[in-house]
Amino acid sequence: MAETKTNAMRMLEKSKTPYNIFAYDAEDGQIHGTAVAGKIGKPVEKVYKTLVAHQGLALFVYIVPVAEELDLKKAAKAAGVKKVEMLPLKDLQQHTGYIRGGCSPVGMKKLYPTFIDSRAEGLDTFLVSAGRIGLQMELTPQQLAAQVKGKFASLVREVGDEGEMEDEGIRRF
């Protein structure tokens with residue numbers, strides 16, 4: 001399964017960045033992050049997903065824990081813009097070269113501004129997509145940040161975050 005190298009793997013090798021590959025069976029269609037963590041025998045806290053958002057024509061890449069939700073307000077703040085929206089799935093391959101479930105932060109068509117959730121900073125290693133459904137790659141968060149010129153930022157919705165509820169005039173007490 002891992003015989004054919006993905007663009008992400010080739011780029012890591014070119015920069016002499018060490019990584020490990022974990023292959024999993026995707027035949028059952030269970031390619032969401034928590035299922036992938038179980039299939040490769042890794043704690044869910046160490047498996048991250050790659051999400052792409054945009055503001056107009058500007059694209060941004062966010063790497064967050066698979067069991068967490070990207071907070072769009074925090075994402076916009078990290079990118080230094082007023083607001084971001086998730087990139088429609090139909091546009092993902094056109095802009096990144098990757099499909100849903102196989103989107104790696106490494107080896108996209110362009111190097112987009114990339115932000116890694118700050119929780120990753122405390123991990124010795126973590127896993128992200130290796131660029132194809134069925135493959136995950138493990139490396140240090142710092143190595144990934146260096147590879148994609150990424151920055152660490154608080155990106156996930158926390159319990160108690162007001163989020164969009166406050167915008168709608170609903171307040172938690």
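Residue Q30 lies in the loop that joins β1 (20–23) to α2 (33–40); helices (H or I, at least four residues) and strands (E, at least two) are DSSP runs, numbered from the N terminus. The model is predicted, so local features need pLDDT of at least 70 and side-chain atom pairs count only at pLDDT 80 or more, while totals for chains, interfaces and linings use all residues. Residues are numbered from 1 along each chain as its sequence is written, and side-chain values use heavy atoms, with hydrogens and water left out.

Q30 has 36% relative accessibility and therefore counts as partly exposed (buried is under 20% relative accessible area, exposed over 50%, partly exposed in between; 1.4 Å probe, protein chains only). Apart from neighbours within four places in sequence, Q30 contacts A35 and K39, contact being heavy atoms within 4.5 Å.

An open sheet of 5 strands has the order β4-β2-β3-β5-β8, with mixed pairing; two strands pair if DSSP finds at least two bridges between them. β4 (85–86) and β8 are at the edges with a single partner strand each, so one side of each has no neighbour in the sheet. β3 and β5 pair in the parallel sense over 3 bridges, and I63 has I116 in β5 as its bridge partner.

In helix α5 (residues 141–148), the buried residues are P141, L144, A145, Q147 and V148. Viewed down the axis of α5, these fall within an arc of 165°, so they line one face of the helix; the arc is that of the directions from the helix axis to the C-beta atoms. Their cover includes α1 (7–14), β3 (58–65) and β7 (135–139). Just after α5, K149 has a positive phi of about 55°.
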